[in-house]
Amino acid sequence: MSDAIDLSGDGGVLKKIVRHAKPDAIAPTQDLPLVDVHYEGILEETNEVFDTTHEDNTVFSFELGKGSVIKAWDIAVKTMKVGEIAKITCKPEYAYGSAGSPPDIPPEATLIFEVELVACNPRKGLSLGSASEERARLEELKKQREMAAANKEEEKKKREEAKATAAARIQAKLDAKKGGKGKGKGK
């Protein structure tokens, strides 16, 4: 896979685009973490198909970044756009490792998936708008808390300065009284 992109930086997850998405296609985001894919999984060693959604024309859905799929998929699918088809080669440490996934996937197997990103959706219970609105609301609350904390700190500083000023005035009056009485007694 000479024109493959090394997504993991160590050769563990390689991606070769088979079909590009349209330029305006959407990609998974924080607001659109649920993805639907068609795929076919092949054992590199035997070229044997071990799993596919093509036979029954189903889609496989999962949420990116939750560890519900092999590491290679979390890494690769987030780089795709809807409509894109990519061939993803996954070294064992980014797939099923030394355990494999019996009976279909032996230990230390390198896997090749042809994945088509079919759709990106918001988390269940949130529409795209409400997910964005919720993030904006949380950001606004964070800013308000930061401003309140800064105001509280400023008020504390002012109180401390006022106390220090008052203490200095009282001390000056005490010193003046002491100094006045001391002079009077000396005469």
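**Entry 1, overall.** I looked up burial for the chain to begin with: 30% of its 187 residues count as buried. I note that the model is a predicted one. I then listed the secondary structure and found two helices and seven strands. Read from the N terminus, the order of the elements is β-β-β-β-β-α-β-β-α.

How many aromatic pairs does the structure hold? I find eight. I took up the pair of Y39 and W73 and asked why it counts as edge-to-face. The ring centres are 5.0 Å apart and the planes stand at 80°, and an angle over 60 degrees counts as edge-to-face, so the label follows. I placed both residues in the chain: Y39 belongs to strand β3 (residues 34-43) and W73 to helix α1 (residues 71-77). The pair therefore ties together parts that are 34 residues apart in sequence.

Are Y39 and W73 buried or exposed? I read a relative accessible area of 9% for Y39, which is buried. W73 has 4% relative accessibility and also counts as buried. The cut-off for buried is under 20% relative accessible area, so both values qualify.

I looked up F60 next, which forms an aromatic pair with W73. This pair is edge-to-face too, with 5.9 Å from centre to centre and 75° between the planes. F60 sits in strand β5 (residues 60-63) and W73 in helix α1, so I record this as a link between distant parts of the chain, 13 residues apart. For F60 I read 30% relative accessibility, and F60 therefore counts as partly exposed.

Which residues make up the aromatic cluster? I list Y39, F50, F60, F62, W73 and F113 as one cluster. Both pairs I examined, Y39 with W73 and F60 with W73, have their residues in this cluster.

I turned to charged side chains and found a negative surface patch formed by E48, D51, E55, D56 and D104. D104 has 44% relative accessibility and counts as partly exposed.

How values were computed
Residues numbered from 1 in each chain as written. Predicted model: local features only at pLDDT ≥ 70, side-chain atom pairs only at ≥ 80, totals over all residues. Heavy atoms only, no water. Patch = residues over 30% accessible without salt bridge, like charges linked within 9 Å, V, L, I, M, F, W, Y side chains within 5 Å. Areas by Shrake-Rupley, 256 points an atom, 1.4 Å probe, with all protein chains shown as cover. Salt bridge = Lys/Arg side-chain N within 4 Å of Asp/Glu carboxyl O. Lys, Arg positive; Asp, Glu negative; His and termini not counted. Charge placed at Lys NZ, Arg CZ, Asp CG, Glu CD. Buried < 20%, exposed > 50% of the residue type's maximum accessible area, 1.4 Å probe, protein only. Phe/Tyr/Trp six-rings, centres within 6.5 Å; stacked < 30°, edge-to-face > 60°. Helix = DSSP H or I, 4+ residues; strand = E, 2+ residues; numbered from the N terminus.
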